[in-house]
Amino acid sequence: LKGIQTLVEAGWRVTYVAPAPGPANSEGIHVIPLEGSRIRRTLVATRTMFALDSDVTVIHDPELLPAAMALGTRRGADRVVFDLHEDLPKQLLTRRSSPPLLRRPSAVASMWTLRAAERLLTVTLAESNYSWVFERDHPVFENHPVASSLPLRADDPSGVVYVGDITPDRGVPLLVEAMGEVPGVPLTLIGRCNPALQQDLETRAQELGVPLEMTGFLPYAEAWSIAARHVVGVSPLLDLPNYRASLPTKVDEYRAVGLVAVVSDLPASLEAIDGSTAAISFTAGETNALAGALGEALGDPGRLAAATAEAPGVRASRAWDSDRFADFYASRLTAAQ
């Protein structure tokens, strides 16, 4: 949504087609909510793409790629943008919802689809680590936070927080287990979670004596106002192909708020905290290692003081580049003329 807000501030009229909830601040944005099953949402989004005579059409969902490629052929590659926010082939290799025998063929097919797409539309990347998929170079707009939209840590913080989608692959069950070894410390989970997993996590937390609050999805500003009341922010990603080279945006956000970041020792996460005296890494997937890192983060006031001192630098050095983003989209109009 930061890209949408950037374009609105640059004077664009934006139509946002996506499942509810929409942006918390919809001023200057025409919101078209998608409802129903995934297939229905995809069909409605496809129909809307062709019905709207937009100067530029931007998609994020890989399921819309075939339609976007057709639209790019009709309107020109400069007017249709696919903004890639995940390493799709690596993600498909470990997707739990896919039969194991189909995962590798799906990953290979997705790679060839992406390489076909770069000839028919414009591609942008949220991370340079995704460039291996493509044969051509594409602009990279690092998915750093907008510092002005994040609060600074509140006075008298307490407890541990996780912000983001709540899934096993993202290590959230591991986090609950590790909190069982840090007695009495409250844990807040902010993000989407399927009902079955939520019940499992709540049951396990009760068994371990972990004070757990699960807020569900919250608008960005509300989510981070709650996160800012904590001492530690955790990114417990498992060591899976899709995560090794992908930076969890929440790591930058935790640090920009002034929380002590506890992160899995995956390459991109380690790069994000390089040089920090506040952040702590742990061996991905190991409960005892995570529990030890949490105990260290919670028990050392110096870490929290260091996180406070580092926050302004993080906000300055790892910030969303709104000017460059707006200039790029302005260039799409110029190139299409």
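In the predicted model, L294 is in contact (heavy atoms within 4.5 Å) with V160, L175, A178, M179, V182, V232, V234 and V262, residues up to four places away in sequence being left out of the count. L294 and V262 have the most contacts inside the largest nonpolar core, which comprises 58 residues; such a core is a set of buried Ala, Val, Leu, Ile, Met, Phe, Trp, Tyr and Cys residues joined through side-chain atoms within 4.5 Å, where buried denotes under 20% relative accessible area with a 1.4 Å probe, protein chains only. Helix α6 (residues 172-179) gives the most to this core, with 6 residues, helices being DSSP runs of H or I of at least four residues and strands runs of E of at least two, numbered from the N terminus. A second, separate core of 28 residues includes A67, M111, V123 and V140.

M111 also belongs to the buried residues of helix α5, together with R103, A107, S110, L114, R115 and A117, and the cover over these positions includes α3 (65-75), β4 (80-84) and α4 (88-93).

Across the chain, 14 helices and 11 strands are assigned. The radius of gyration, taken over C-alpha atoms, is 21 Å, close to the 20 Å that the globule rule (2.2 Å times the number of residues to the power 0.38) gives for 337 residues, so the chain is as compact as a globular protein of that length. Of the 337 residues, 47% count as buried.

Residues are numbered from 1 along each chain as its sequence is written, and side-chain values use heavy atoms, without hydrogens and water. Local features require pLDDT of at least 70 and side-chain atom pairs pLDDT 80 or more, whereas totals for chains, interfaces and linings use all residues.

Conventions
Buried < 20%, exposed > 50% of the residue type's maximum accessible area, 1.4 Å probe, protein only.
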